[in-house]
Amino acid sequence: MKNIKLAARNGSARTIVRVGKVKVGEGFTMIGGPCGVESEEQTIQTAIMVKENGADMLRGGAFKPRTSPYAFQGLGLKGLKILEKARDITGLPIVTEVIDTRDVSWVCEYADVLQIGARNMQNFSLLKEVGKSNKPVLLKRGMYSTIEEWLNCAEYILNDGNPDVIMCERGIRSFETYTRNTLDLSSVPSIRELTHLPIITDPSHGTGKVSLIGPMSLASAACGADGLILEAHWKPEEALSDKDQALTPAQFGVIARQARAVHKFVSELK
Ligand code: PEP
Ligand code: MN
């Protein structure tokens, strides 16, 4: 692919992104937690419960990029401090979204992985800024983006000196309305053949429906994903954002166990 240089596979070994003791790209990584950090109790209880149910890392947005300016925008710094406390209690590294170039340096003081959301995939100044940081980046696919455009965004981050990029397929817009997005699982083996970077999927945003997250998680494991990022909430019915796709920690646990079994089975196929 033209202009994909640093990210190109070119026969190189696959990159393993290390986050503390977690190795993304080796085995099957489970990231779980709420869409947004809403309160200390909600985040810490959810963190403890997803950890008990097999999570390797905790997700949670302190800055929420919402379609409406009137929707819950996240707790900002207060949310990051809550995430820090959840990490102290559980030991789980924190994956959290950064939406503004001005925030990158101080968000790095709290985050273990910087998430670039779908809506910001082509925010080139933000990509350059996280490229200069020393934290791994979880790069979501833009909802209107081709694989080539997505890889060019990874290239921006690598080109600014940050080698630790995790690709994340989260679904693209199609004519379908039953599902929130169309989870493009053909991107998983495509990314694996085009680049050395690890690839995970996000069936929570990819489907928007609790009932569909399990099957699409297993399909992700079967087609070569290195892990999953899933939204879970200790009380899903009370979630302030993305309630319809919030798993209970127990549901998260079933998916984690089954997806790891599928990953193992597929890895051992001859
Ligand atoms: C999220 O992870 O909560 C999120 C906003 O995801 P996306 O950027 O994929 O919509
Ligand atoms: Mn969400």
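How much space lies in the largest cavity? About 40 Å³. I'll come back to that one, but some housekeeping before we go on.

What we're looking at is a predicted model, where local features need pLDDT of at least 70, side-chain atom pairs count only at pLDDT 80 or more, and totals for chains, interfaces and linings use all residues. Residues are numbered from 1 along each chain as its sequence is written, chains are lettered from A and ligands numbered from 1 in the order in which they are written, and side-chain values use heavy atoms, with hydrogens and water left out.

Okay, back to empty space. Rolling a probe the size of a water molecule over the atoms shows where empty space is left. Here that's done on a 1 Å grid over the protein atoms alone: a cavity is a set of points where a 1.4 Å probe fits but cannot get out, while a pocket is an open set with protein on both sides within 12 Å along at least five of seven lines. A residue is part of the lining if it has an atom within 4 Å of a point. Points are joined across faces, edges and corners, and the volume is the space filled by probe spheres set on them.

By that rule there is one cavity of 30 Å³ or more. Its lining is made of Pro 34, Cys 35, Gly 36, Glu 38, Glu 231, Ala 232, His 233, Ala 239, Ser 241 and Ala 246. Sorted by class, that's five nonpolar, three polar and two charged residues. For the classes, Ala, Val, Leu, Ile, Met, Phe, Trp, Tyr, Cys and Pro are nonpolar, Asp, Glu, Lys and Arg are charged, and the others, Gly among them, are polar.

Now the largest pocket, with a volume of about 270 Å³. It has 19 lining residues, and Pro 65, Arg 119, Arg 180, His 205 and Asp 242 lie nearest its centre.

Asp 242 has a positive phi of about 55 degrees although it is not a glycine. Asp 242 counts as buried because its relative accessibility is 18%, and the cut-offs are under 20% for buried, over 50% for exposed and partly exposed in between (1.4 Å probe, protein chains only).

Asn 10 is another non-glycine with a positive phi, about 40 degrees this time. That one is in the segment before β1 (17-19), and with 71% relative accessibility Asn 10 counts as exposed.

On to helix α2, residues 77-90. It has 14 residues and reaches 20 Å from first C-alpha to last, close to the 20 Å expected at 1.5 Å a residue (the expected span being 1.5 Å times one less than the number of residues). Which residues of α2 are buried? Gly 79, Leu 80, Ile 82, Leu 83, Ala 86, Arg 87 and Thr 90. They cover an arc of only 160 degrees around the axis, so they're on the same side of α2; the arc is taken from the directions from the helix axis to the C-beta atoms. On the other side, Lys 78 and Asp 88 are exposed.

What covers that buried side includes α1 (40-52), β4 (57-59), β5 (94-97) and α3 (104-107). Take Leu 83, buried at 2% relative accessibility. Leaving out residues up to four places away in sequence, Leu 83 touches Val 37, Thr 43, Leu 58, Gly 60, Ile 94 and Thr 96, where contact means heavy atoms within 4.5 Å.

Leu 77, also in α2, counts as partly exposed at 37% relative accessibility. With the sequence neighbours up to four places away left out, Leu 77 touches Trp 106 and Tyr 110. After the helix comes Gly 91, with a positive phi near 80 degrees.

Last stop, helix α4, residues 124-131, whose buried residues are Leu 126, Leu 127, Val 130 and Gly 131. Their arc is only 140 degrees around the axis, which puts them on the same side of α4. They pack against α3, β6 (113-116), β7 (137-140) and α5 (147-159).

That's my tour, happy to take questions.

Definitions and conventions: Helix = DSSP H or I, 4+ residues; strand = E, 2+ residues; numbered from the N terminus.
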